[in-house]
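Here is a friendly briefing to read alongside the structure. Have a look at the fold and the side chains, then go through the points below.

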Amino acid sequence: NSWITLDSHSNDSSLLFYNVIKTFHIQNPNNREKRFRFIRILSTGPDNCGSNNLTIKNIEFYGKYYKP
């Protein structure tokens with residue numbers, strides 16, 4: 001199986017500061033109505049401090065919930 005990319009960011013300067021609140025939208029409109037069981041968040045390079053840490057303080061997902 002392969003992963004479907006819902007959204008991707010590279011060198012996003014909006015995330016360089018502490019306690020940032022940011023909303024990202026699904027880029028491809030064809031994927032907005034698809035159902036997903038799992039989501040993967042992947043960091044592909046160092047952060048603004050040069051480390052390979054991905055720190056997420058809070059995360060929220062919006063959309064529809066479908067019972068399996």
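No aromatic pairs turn up in a search of the whole structure, which is a predicted model. An aromatic ring does take part in another contact, though: arginine 35 lies over the face of tyrosine 66. The notes below take the contacts, the overall form and the surface in turn.

**Side-chain contacts**
- The distance from arginine 35 to the ring centre of tyrosine 66 is 3.7 Å.
- Searching the whole structure for salt bridges gives one.
- Lysine 64 and glutamate 33 form a salt bridge, and their closest N and O atoms are 3.9 Å apart.
- That distance is within the 4 Å cut-off for a salt bridge.
- Lysine 64 and glutamate 33 are both exposed.
- In general, side chains of opposite charge can pair when their charged atoms come close.

**Overall form**
- The protein chain has zero helices and zero strands.
- Its radius of gyration is 14 Å, well over the 11 Å from the globule rule for 68 residues, so the chain is more spread out than a compact globule.
- Along the principal axes, the C-alpha atoms fill a box of roughly 40 × 25 × 20 Å.

**Surface patch**
- A nonpolar patch on the surface is formed by Ile39, Ile41, Leu54, Ile56, Ile59 and Phe61.
- Together these residues have about 590 Å² of accessible area.
- Isoleucine 56, one of the patch residues, has a relative accessible area of 43% and is therefore partly exposed.

**A backbone point to check**
- Asparagine 11 has a positive phi, near 50°, although it is a residue other than glycine.
- Most residues other than glycine have a negative phi.
- Asparagine 11 counts as exposed because its relative accessibility is 78%, and the cut-off for exposed is over 50%.

Notes. Residues are numbered from 1 along each chain as its sequence is written. This is a predicted model: local features need pLDDT of at least 70, side-chain atom pairs count only at pLDDT 80 or more; totals for chains, interfaces and linings use all residues. Side-chain values use heavy atoms; hydrogens and water are left out. Patches are made of residues with over 30% relative accessible area and no salt bridge: like charges are joined within 9 Å, nonpolar side chains (Val, Leu, Ile, Met, Phe, Trp, Tyr) within 5 Å. Accessible areas come from the Shrake-Rupley method with a 1.4 Å probe; for residues, only the protein chains shown count as cover. A salt bridge is a side-chain nitrogen of Lys or Arg within 4 Å of a carboxyl oxygen of Asp or Glu. Buried means under 20% relative accessible area, exposed over 50%, partly exposed in between (1.4 Å probe, protein chains only). Rings of Phe, Tyr and Trp (its six-membered ring) pair if their centres lie within 6.5 Å; planes under 30 degrees apart count as stacked, over 60 as edge-to-face and the rest as tilted. A charge sits over a ring if NZ of Lys or CZ of Arg is within 6 Å of the ring centre and within 35 degrees of the ring normal. Helices (H or I, at least four residues) and strands (E, at least two) are DSSP runs, numbered from the N terminus. The radius of gyration is taken over C-alpha atoms; the globule rule is 2.2 Å times the number of residues to the power 0.38.
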